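Open your viewer and keep the selection tool at hand. We will go from stop to stop, picking residues as we go.

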Amino acid sequence: MANTQAMATSFKVEILGGVHAIGTPPTRATTAKDTFKAALYEATGSLGAGTTVYSVTDEVSGAGYTAGGITVSNATSPTSSGTTAYWTPSASLTYSNVTLTTAFDAVLIYNSSQGDKAVAVYTFGSQTVTSGNFILTMPTNDASTALLRIA
């Protein structure tokens, strides 16, 4: 089985239930934005639309990498254009000074404020890193290319 890029089906449902607050949060127990994280996964993993929560299973490990990944910069509020709602993190995802010798090809964005619930899995060409930085450059935040789009 291979990783597949997809927005988690559970996230789509949870959006309707108000679980995730990427922008200004709805009225609930907290008034702060939720914290989102980005974890890297081995190329032999099986993440995809059925992924519901963050898990250490098949997550990369190595020097400089912390289990659970990195915090996603969230200074951009979600917006819409036409019938498409969209959001992109406000900065690239940067894993600094890491050594990841097992091939990896996926990142899971998840909501660490809401029980580590999955948001989406994104795939890319298989990578390894030796004593360097791994950077996932974020796309333009618009209705056609934003990282997260709901049409």
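**Stop one: a hidden ring**

Select Phe104. At 0% relative accessibility, Phe104 counts as buried (buried means under 20% relative accessible area, exposed over 50% and partly exposed in between, with a 1.4 Å probe and protein chains only). This is a predicted model: local features need pLDDT of at least 70, side-chain atom pairs count only at pLDDT 80 or more, and totals for chains, interfaces and linings use all residues. Residues are numbered from 1 along each chain as its sequence is written, and side-chain values use heavy atoms, with hydrogens and water left out.

Phe104 and Phe124 form an edge-to-face aromatic pair, 6.1 Å centre to centre with 80° between the planes. Rings of Phe, Tyr and Trp (its six-membered ring) pair if their centres lie within 6.5 Å; planes under 30 degrees apart are stacked, over 60 edge-to-face, and the rest tilted. Phe104 lies in strand β6 and Phe124 in strand β7, so the pair ties together parts that are 20 residues apart in sequence.

How many aromatic pairs does the structure hold? The count is 7. Select Tyr95 and Phe134 for another one. Their ring centres are 6.2 Å apart and their planes are at 40°, so this pair is tilted. Tyr95 sits in strand β6 and Phe134 in strand β7, 39 residues apart. Tyr95 is buried, with a relative accessible area of 2%. Phe134 is buried too, at 7%.

**Stop three: the core**

The largest nonpolar core has 36 residues. Such a core is a set of buried Ala, Val, Leu, Ile, Met, Phe, Trp, Tyr and Cys residues joined through side-chain atoms within 4.5 Å. Those with the most contacts inside it include Leu40, Tyr65 and Leu148. β2 (36-42), β6 (93-111) and β7 (117-136) each supply at least two of its residues. Which strand gives the most to this core? It is β6, with 10 residues.

Select Leu40 and show its neighbours. Leaving aside those within four places in sequence, Leu40 is in contact (heavy atoms within 4.5 Å) with residues including Asp58, Tyr65, Phe104 and Phe134.

**Stop four: the strands**

Colour by secondary structure. The protein chain has 1 helix and 8 strands. Helices (H or I, at least four residues) and strands (E, at least two) are DSSP runs, numbered from the N terminus. Select β6 and β7. They run antiparallel and are joined by 12 bridges; two strands pair if DSSP finds at least two bridges between them. Leu93 has Leu136 as its bridge partner in β7. The two strands form a hairpin with 5 residues between them, and Gly115 in the turn has a positive phi of about 70°. β1 (residues 6-7) is also antiparallel to β7, with 2 bridges.

Next, find the open sheet of 3 strands, in the order β4-β5-β8 with antiparallel pairing. β4 (79-81) and β8 (148-150) are the edge strands, each pairing on one side only. In β5, Thr84 is the bridge partner of Ser81.

**Last stop: the whole chain**

Zoom out. Along its principal axes the C-alpha trace spans about 45 × 30 × 30 Å. Buried residues make up 41% of the 151 residues.
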